[in-house]
Amino acid sequence: MELGAYLAVSAVLFVLGMAMAAARRSLIYVLMGLELILNAANINLVAFARFKPEIGLDGQIGAIFVIILAAAEAAIGLAIVLNVYSRFGTIRPDDIDELRQ
Amino acid sequence: MSRTDLTALSPLLVVALAAVAVLLLISVRRNHRATATLTLAGLVLGLVSISWAATVTPHQVAPLLIADGYALFYSALVLAAAVVVCLLSFDYLEQRGEQREEFYVLLLLATLGGLVLVGASHFVTLFLGLEILSVAIYVMVAYARSSPLAAETGIKYLVLAGASSAFLVFGMALVYAQTGTLEFRPLVAQLSAIEGSGLALPGMALMLVGVGFKLAVVPFHMWTPEVYQGAPAPVTAFVATVSKGAMFALLLRFFAALGPGEARPLLVVLGLVAMASILAGNLLALLEQNIKRLLAFSSIAHLGYVLVAFLASSAFGDEAVTFYLVAYFVSTLAAFGVVTVLSDNEREAERIEDYRGLFWRRPLLATLMTGALLSLAGIPLTTGFVGKFAVVAAGVEASLWLPVSVLALGSAIGLYYYLRLVVVMLSSLDAGAATESAADSGRTPADPGQTPAWPRAARVGGGAALALGLLALLLLGLGLYPGPLMDVIESSVSPLR
């Protein structure tokens with residue numbers, strides 16, 4: 001496989017993630033969209049580290065950090081989504097608007 | 001890890017250990033006072049350990065973190081701000097019946113994230129620090145679960161901050177593709193070596209989106225008023241200072257290492273961002289009736305001012321940025337400190353009407369608030385004036401005429417709404433009662449002799465009083481004698497260029 005193929009997958013994932021987050025259908029979708037963007041970045045990091053062996057393992061290690069931190073973010077995110085659900089009875093972002101203006 | 005490494009990292013280690021210790025203490029016994037005291041001890045110990053770390057500077061720990069004078073100066077700033085927030089939070093949380101102890105774990109973790117961020121010399125530590133800081137702040141923003149706005153504010157902040165860190169990471173991956181390294185110094189060397197920028201420029205642009213969000217500069221500022229309004233007042237103070245200051249410290253470190261050729265296109269963009277932030281922040285603040293939102297808009301403008309000094313990209317510009325950030329920290333913490341102590345468990349003292357006649361009811365608090373507002377406006381004798389003077393001087397030195405004139409215009413607009421608030425605090429109580437009874441005539445008008453129903457919070461607790469006293473001292477002290485701090489800043493930013 002060529003490096004270009006990985007980059008294409010990563011670009012597609014990035015666009016899908018953006019679209020999911022921007023569509024604002026549900027908070028869970030938004031969080032999933034963000035995960036997709038992070039994983040697109042991970043594919044890039046790992047692919048570059050693999051196809052340019054002279055540059056070492058920075059990318060691979062970086063991807064591991066991103067995975068760990070994304071998990072932490074998702075855990076907190078879902079906890080807050082639960083809070084939102086118990087308060088508003090919905091997780092559609094557009095319905096959650098009590099703040100003034 | 002060598003001994004020197006551990007010494008250089010001692011502030012980080014102390015704060016991390018304090019977080020674990022507080023967590024253990026909570027699991028053994030819930031006691032608000034003990035938890036707060038332990039947190040405070042951890043933060044103060046962290047501050048003390050900076051002088052220990054200073055004995056080995058400059059020291060690079062692996063390729064990940066650097067402990068130089070610059071990192072230590074900003075570490076001290078972050079820790080000092082955390083101490084103030086901790087003192088303010090104690091009385092604030094004491095009034096509220098919810099589970100209070102975990103807040104301090106989050107405060108320590110967020111501070112730790114800030115410390116990692118200011119010492120980062122590698123993209124991985126940048127992201128690590130940013131996420132430790134942000135994830136802790138997500139929870140702090142949504143902490144007051146009984147408050148109707150908490151969950152909503154939390155989710156709004158979470159979605160936008162999550163999106164911005166995702167952009168940041170994607171940008172990092174692109175920069176990595178071009179340069180083959182994630183380490184600042186070799187990365188910068190690579191950037192100047194390669195012909196054409198290729199993927200690096202879009203990568204840097206995506207990273208700037210992430211950074212711009214954290215700094216809340218136009219066009220990434222939309223979250224600021226809502227989060228400032230919905231978060232508990234001490235948390236707002238923390239978000240306004242530590243999170244922005246640590247990010248700015250990192251931005252400055254990265255750009256200072258970047259050569260003028262590579263930085264140019266990005267600096268043009270940042271120039272536009274600075275001017276847009278100054279104008280939008282000040283104009284939006286004009287009509288605001290809510291103090292927390294007003295301070296949010298004013299903080300957008302202030303980050304624009306700091307960016308003007310940043311654009312100068314000179315050693316003097318770095319000093320101006322650092323001094324302005326210190327001044328901004330002091331004034332913002334003082335302003336939110338007053339909001340915090342005036343709030344009671346029913347709602348926060350956030351309406352401008354709450355401050356009517358404050359001078360006649362709470363003279364000390366009103367004086368401090370006035371000092372903070374005048375400092376934010378940049379009136380002489382306050383630390384904000386010295387900061388703004390340094391920023392303008394740096395801008396003029398670099399012949400940035402357009403940004404400097406926008407800054408002057410913005411400050412003039414700013415004067416209006418800061419002084420409006422001061423006038424409200426000076427005006428007599430009767431005027432307020434009259435407008436109130438006019439507004440809703442169905443209610444019985446308040447007795448002129450009685451103290452108004454709001455704000456009720458009677459006494460300022462010891463911790464908060466200590467914090468506010470210190471801030472008042474700094475507000476005036478740094479305005480009158482900026483020399484010693486200037487000298488410290490001058491030596492601490494010298495490793496940058």
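The model is predicted. Chain B and chain A bury about 3,500 Å² between them, and the structure holds 11 salt bridges over all chains. None of these salt bridges is found across the interface of chain B and chain A.

**The interface of chain B and chain A**

- The contact draws on 40 residues from chain B and 39 residues from chain A.
- Of the area buried between chain B and chain A, 73% lies on carbon and sulfur atoms.
- B:E152, B:F170 and B:Y176 account for 18% of the area that chain B buries against chain A, more than any other three residues.
- Three residue pairs are in polar contact between chain B and chain A, while the count of salt bridges there is zero.
- On the side of chain B that touches chain A, the elements giving two or more residues are helix 6 (123-141), helix 7 (150-179) and helix 10 (223-230) of chain B.
- Helix 7 of chain B gives the most to that side, with 19 residues.
- By class, the side of chain B that touches chain A comprises 22 nonpolar, 10 polar and eight charged residues.

**Salt bridges around B:K156**

- B:K156 and B:E152 form a salt bridge, with N and O 3.0 Å apart.
- These two residues lie four residues apart in helix 7 of chain B, so about one helical turn separates them.
- B:E152 is buried, at 0% relative accessible area, whereas B:K156 is partly exposed, at 22%.
- B:K156 also forms a salt bridge with B:E226, where the closest N and O atoms are 3.3 Å apart.
- This second pair links distant parts of the chain, with B:K156 in helix 7 and B:E226 in helix 10 of chain B, 70 residues apart.
- B:E226 is buried, with a relative accessible area of 19%, because buried means under 20%.

**Other salt bridges of chain B**

- B:R253 pairs with B:D68 in a salt bridge whose closest N and O atoms are 3.2 Å apart.
- B:R253 belongs to helix 11 (residues 233-257) of chain B, and B:D68 to the loop between strand 2 (65-67) and helix 4 (69-94), 185 residues apart.
- Both partners are buried: B:R253 has a relative accessible area of 8%, and B:D68 has 4%.
- B:R30, B:E101 and B:E102 are joined into one network by salt bridges that share partners.

**Helix 14 of chain B**

- Helix 14 (residues 315-342) of chain B has 28 residues and should span 40 Å at 1.5 Å a residue; its end C-alpha atoms are 41 Å apart, which agrees.
- Helix 14 of chain B is mostly covered, with 26 of its 28 residues buried.

Key. Residues numbered from 1 in each chain as written. Chains lettered and ligands numbered in written order. Predicted model: local features only at pLDDT ≥ 70, side-chain atom pairs only at ≥ 80, totals over all residues. Heavy atoms only, no water. Contact = heavy atoms within 4.5 Å. Buried area = accessible area lost by both parts, 1.4 Å probe. Salt bridge = Lys/Arg side-chain N within 4 Å of Asp/Glu carboxyl O. Polar contact = N/O pair within 3.5 Å; in protein donor to acceptor, adjacent residues only side chain to side chain. Nonpolar A, V, L, I, M, F, W, Y, C, P; charged D, E, K, R; others polar. Expected span 1.5 Å × (residues − 1). Buried < 20%, exposed > 50% of the residue type's maximum accessible area, 1.4 Å probe, protein only.
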